[in-house]
Structure formats: C-alpha cells, structure tokens
Amino acid sequence: MSFAVAAAGSSPTEYVSHHLEHLKVGEGLWAIHVDTLFFSVVLGALMLFVMILAARRATSGVPGKLQNFVEVLVDFVDNSVKESFHGPRQFVAPLALTIFVWVLLWNLMDLIPVDYLPLLAYEVFGLEYLRVVPSADVNAPFALSLSVLVLILIYSVKGKGFAGFGKEMLFHPFGKNPLLWPANILLNIVELVAKPVSLALRLFGNLYAAELIFILIAMLPWWIQFIPGGAWAVFHILVVPLQAFIFMTLTIVYLSLAYEEH
Amino acid sequence: MDVSPLTLIGQAGTFLVLVLVTMKWVWPPLTQAMEERRRKIAEGLAQSEEAEQALDKANAEADEIIREARRKAGEIIEQASQRGNQLVEQAKEEAIAERDRQVQAAEAEIRQATNQAREALRERVAELAIAGAGRVIESEIDDKRHREMLDKLAAEL
C-alpha cells in the first residue's frame, strides 16, 4: 500500500489515524500545525502572486488570458457581493474574493492523491506526518469564521452605531420590556455564536469527510482504486467550489445582516 | 478534532494579510480596468451610433445635391435646345430675307434690262422702219416731215 503503513504499523486503523495526524511543533494545546500553516500560506502566496500579476498588467484594452481569468473571478465575486451587501464594497468585495479563492485552493488540495505529498515529505525531508488540506484541519475554517465574527461585530457597530447595536441586542426578537432583556441577549448571543460555528463546521465537515473517504479508498487493492477513487474525485469537483462559494456567500450575507438596520 | 489555538491565530493573521493585500493591490486595479473598459465600450457604441446618424444625414444631403444637379442639368439642356431652336429660326428668317432681297434685286435688274432692250429695240425698229420706208419711197418721203410721225409710231411700240 504505502510507506505510511510501513512507518506506522500495518493495520488499517493505524494507516487512517496516521494519515489524520498533523505535522506538529510543540506539545498539547499549544502545538502548532505546521502543515496547515505551510500549505495555507503557500496557497495564499500563490493566490496573491497570480492576482497581483494580473492586477499589475491590468489594462482597460483587450485583456490577456490571465487578466481575463482573474476578471471573471472578480466579476463573479463582485456580483455576488452586489446582490446581498448594499453598503460600500471596497473592503467587503476583496474580502469575499480572498475567502473564495483561498478556500477554493485549500479544497483543491484534496484532489491530490492522499499519499503523494506525505510520501514526498517523508522521503525527501524525513517528515513523519503531513496533512495537505488546510480546510480539513478544524483550525483553518475556524480561523476564517472567527475573523468573520469579528467583522460581523465591526460592521454591526459601523452600520448601526454602538447604541443601535446595543438596542438590537437588548430588544430584538421579543420586545423592549426589560423583563425580556435577558432572553433577548441570550438568544442574540446564541445567534451570533452559531454563525461562525456553522460556517466553519460546514466547510470542515465536508472536507474532512472527503479526505477520510479518499484515505479509505487508498486502502483498497491498487487495481480497483481508480473506480471509487475516480467517482469520488469527480463528485468532489462539485464539492470543492461549492463549499468555497457557500463560505463566501454566507460571509457576505452575515455582514450585510450586521450592517443593515432591521 | 485537533484544536490548536496557535494554528488558529496564525491562520487568522495570514487571512488578515491576504485580505489587506487583495484590498490594496488586487481589487482596485482590476475593477478600475474593468470599469474603464465598460466606459470605453459604452463610448464606442455611442460614437458608432452617432457616426451612423451622421452617415445617414450625409447620404440624404448627397441625394439632395444629386437631385438638384439633375434638375439644373435638365434646365440647362432645355435652355440650350430653346436657344438652338431660336438660332435656327433666326437663321431661317435671315435667309428668307436675303432671298427676297436678292430676288427683288434680280427682278429690278431684269426690269431695267427689259426696258433698255425695249428702248433699243424701239429705236432700232424706228430706224428700220425709216430705212425700209425710205427704201420703198426713197425720195417721196421727206425725212424731216415724216420723222416726227415715225417717232410717234415708235413710241407706241
């Protein structure tokens, strides 16, 4: 099957759990997932490199292939933002673009056969563990969604003012009666917390499950792998952009809800 | 789940950097270029429409000019043919007048010649009569006496 099994023992359970282990520096809660950070930084740098290259050469005349490609992305994101967010877009639109492309690149890492990069890392750098899909590490989606939560709070204050936001927290679902304030606050906080949690878990769950299935498929005999592996990869091609798109769209919707008066 | 706060913070920091860079160096130039292109295309379309209208106008003007030119050409041809007719008419009249004049002159000449011939003939007849009579009645007739009578006779011819 692969090096990993040889490295970690030979049972399927060990193979799977070995593949689900991060490359870590440090111990316990304060361990750093170097693989997640490395791949997301590399993918982010790749994204910025391509985009800045396109932006540098951007011309209002006939666009080249690269510019055309990036413009399609920009136009797509800009339209999505325009549809649901009715405030100034100079921050929200680039934010949405970054989320969409970055998450898309994360998810695309899942289509690289599960053993390729870990094997390479093991053979070349002697690294025991490696997980290449940042979105299948719960910390990456949560880092995004908690940043979005911060932005939701910022945009709430920006759109409604401190007083407006406070009033909404106190009065919103049930009414202005002081007796209802605790219930209102409780419900609003639950709502506020549910947003980043659901946002992150949706992405994480989809990609983690997909990665797990690829790992399970990798344990089948080599001559049969291409059938379930191919089918799952084709299906996954749908999931990859869809999850990126959902993450982006919900971010825009949450920010628009935060920004606008109800 | 493998929670790692430091990874999370690192990821969030990376995200912040990516967003800020995208906002500063990626988004504005691209959207500006796209907006600019949209404007250019709109202008181009407007200009082509204007050009089309101008072309229509120019075509209409050209048609008008051609029609006017045709009309003028017709007029000129008309005038020329009238003038031609006039000239022919005039020439005819002049020719007729000339012919009449010449005919009259010829007739006058003929008349004069006739008169001269008559005069000459008259004199000649008188002479012949006298000569004839003289020869017939030689001496019996007195030239002086009968002369008057013979002249009278000749004048009656």
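A salt bridge here is a side-chain nitrogen of Lys or Arg within 4 Å of a carboxyl oxygen of Asp or Glu. The model is predicted, with local features needing pLDDT of at least 70 and side-chain atom pairs counting only at pLDDT 80 or more, while totals for chains, interfaces and linings use all residues. Residues are numbered from 1 along each chain as its sequence is written, chains are lettered from A in the order in which they are written, and side-chain values use heavy atoms, with hydrogens and water left out.

**View 1. The salt bridge of D100(B) and R99(B).** The closest N and O atoms of this pair are 3.3 Å apart. D100(B) has a relative accessible area of 34% and therefore counts as partly exposed (buried means under 20%, exposed over 50%, partly exposed in between; 1.4 Å probe, protein chains only).

**View 2. A salt bridge between R37(B) and E71(A).** The closest N and O atoms lie 2.8 Å apart, and the pair crosses between chains, from helix α1 (residues 5-137) of chain B to helix α4 (residues 65-84) of chain A; helices are DSSP runs of H or I, at least four residues, numbered from the N terminus. Both R37(B) and E71(A) are buried.

**View 3. E127(B) and R124(B) within helix α1 of chain B.** These side chains meet in a salt bridge of 3.5 Å, N to O, and the two residues are three residues apart, about one turn of the helix. E127(B) is partly exposed at 44% relative accessibility, as is R124(B) at 49%.

**View 4. A network of salt bridges.** E21(A), K24(A) and D2(B) are linked in this network, and the whole structure holds 16 salt bridges over all chains.
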